[in-house]
Structures are given as structure tokens and as C-alpha cells.
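Colleague: I am new to this structure and would like to learn how to read it feature by feature. Could you take me through it slowly?

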Amino acid sequence: MSDAAGGSYTLVVALADDATVSAGALGEHRLPAGAYAYTGSALGSGGFSRVDRHRRTARGDNDTRHWHVDYLLGHPAARIDRVVRSVGVDVECAVAERLPAGPIEGFGASDCGCPSHLAGGDEGEHARGRDVDANEAFDALAERALAAHEAAVAETDDPDATVEVVAGSAE
């Protein structure tokens with residue numbers, strides 16, 4: 001399917017350093033370095049071109065801030081590690097609900113009843129009682145996002161819906 005088909009997506013974001021992010025009406029929030037996952041939808045006429053816009057913001061090529069995630073992605077320490085997409089279906093809230101609790105109440109969820117659409121990876125330097133490196137933490141959160149998309153799409157019973165992982169902000 002083409003990018004114009006649209007659907008739902010999760011950006012797996014690497015925050016290289018601790019950062020203070022001013023998220024519009026949500027105010028300033030301090031985020032520790034680590035892995036984050038932002039889930040959104042791209043259902044309009046441009047489809048997944050919204051993800052391309054997020055990539056440009058993360059690369060510093062776009063200074064416009066429309067959505068909460070723009071404030072995170074516009075920070076110099078942030079980059080999109082990878083994107084998980086559910087093509088052709090709206091499973092935004094179903095995916096967000098399957099991911100870890102978010103560090104900022106209401107982030108990306110001003111148009112729904114979800115607590116947050118920004119999830120945090122495992123806190124600190126330990127995951128499930130063992131030391132992990134940054135790449136392992138990103139991989140673990142990306143796997144959780146992929147599993148969340150697969151489960152949400154399976155619940156739709158839409159035989160045409162697909163789940164895929166695509167490049168982050170480097171491309």
C-alpha cells in the first residue's frame with residue numbers, strides 16, 4: 001500500500017540526553033534520556049506524509065509546531081529510531097493503550113479519552129532486573145510497539161490491514 005493510504009503509526013524516539021520539553025498547553029516537562037514511543041494517526045488525504053513531516057522535524061528541517069510530538073521531536077537530543085505503521089486502519093488508541101504508561105499526562109491525547117499517547121521505555125538503566133544498553137532498550141520498546149500494532153489490527157478483522165516497520169529520521 002502507498003503512504004497515501006494512511007493509518008496509525010508509532011514513532012520510536014531516541015532521546016540522547018535529558019531534556020526539558022515545552023509541550024504547548026501541557027507546559028514544560030523534564031524527560032530523562034531514553035526510549036519513547038509516540039502513537040498517532042495519519043488518516044487524512046496526505047496519509048503517512050505526516051510521518052515524513054515528523055522526520056523533518058526530528059532532523060531540524062521543520063520548525064513549525066502543530067502537535068505535542070513536534071515539541072519532543074524538535075529537541076536537538078531527539079531522533080526517530082524507527083516507525084511502526086498499521087496501514088489502512090485507525091488503531092491509534094488501541095495501540096497507545098497497549099504501551100507503557102506515558103510520562104506526560106494528555107500528551108497527544110487531546111482529542112480522545114486516553115491518558116497519553118506518549119509511552120516511556122523501561123525506567124533507569126535496568127529492564128526486568130538486568131542491565132541493558134540503549135540499543136536493547138529501543139529494540140524492546142519497538143518490539144512492544146510492533147506487538148501492540150499487530151494485536152490492535154487483529155482485533156479489527158480487516159483482511160487488508162497490514163503492519164510494517166519503516167525507517168526513522170535518518171532517511
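Predicted model: local features only at pLDDT ≥ 70, side-chain atom pairs only at ≥ 80, totals over all residues.

Colleague: Which strands does β4 pair with, and how do they run?

Modeller: Helices (H or I, at least four residues) and strands (E, at least two) are DSSP runs, numbered from the N terminus, and two strands pair if DSSP finds at least two bridges between them. Here strand β1 (residues 7-15) runs antiparallel to β4 and is joined to it by 9 bridges, with Ala37 in β4 as the bridge partner of Val12. Strand β4 is also joined to β6, by 3 bridges and again antiparallel, and there Tyr38 stands opposite Leu118 in β6.

Colleague: Is β4 mostly covered or mostly open?

Modeller: A residue is called buried under 20% relative accessible area, exposed over 50%, and partly exposed in between (1.4 Å probe, protein chains only). By that reading β4, which spans residues 34-42, is mostly covered, with 8 of its 9 residues buried.

Colleague: What does Gly120 touch?

Modeller: A contact means heavy atoms within 4.5 Å. Leaving aside residues up to four places away in sequence, Gly120 touches Ala35, Tyr36, Pro100, Ala101, Pro103 and Leu141. Gly120 lies in strand β6, residues 118-120, and counts as buried because its relative accessibility is 11%. The C-alpha atom of Gly120 is separated by 9.6 Å from that of Val13, although the two residues are 107 apart along the chain.

Colleague: How many salt bridges does the structure hold, and how should I read one?

Modeller: Side chains of opposite charge can pair when their charged atoms come close. The rule is a side-chain nitrogen of Lys or Arg within 4 Å of a carboxyl oxygen of Asp or Glu, and the structure holds 9 such salt bridges. In one of them Arg30 pairs with Asp18, the closest N and O atoms being 4.0 Å apart. Arg30 lies in strand β3 (residues 28-31) and Asp18 in the loop between β1 and β2 (19-22), so the pair ties together parts that are 12 residues apart in sequence. Arg30 is exposed at 54%, whereas Asp18 is partly exposed at 44%.

Colleague: Where do Asp52 and Arg55 lie?

Modeller: Both lie in helix α1 (residues 49-59), 3 residues apart, which is about one turn of the helix, and their side chains meet in a salt bridge at 2.5 Å, N to O. Arg53 and Asp70 also form a salt bridge, at 2.9 Å from N to O, and this pair links distant parts of the chain, with Arg53 in helix α1 and Asp70 in helix α2 (residues 68-73), 17 residues apart. Both Arg53 and Asp70 are buried. Elsewhere, Arg79, Asp81, Arg82 and Asp139 are linked in a network of salt bridges.

Colleague: How many disulfides are there?

Modeller: A disulfide is a covalent bond between the sulfur atoms of two cysteines. Here the criterion is a pair of cysteine sulfur atoms within 2.5 Å, and by this rule the count comes to 0. Cys93 is in no disulfide, the nearest cysteine sulfur, that of Cys114, being 3.5 Å away. Cys112 is likewise in no disulfide, with the sulfur of Cys114 as the nearest, 3.7 Å away.

Notes:
Residues numbered from 1 in each chain as written. Heavy atoms only, no water.
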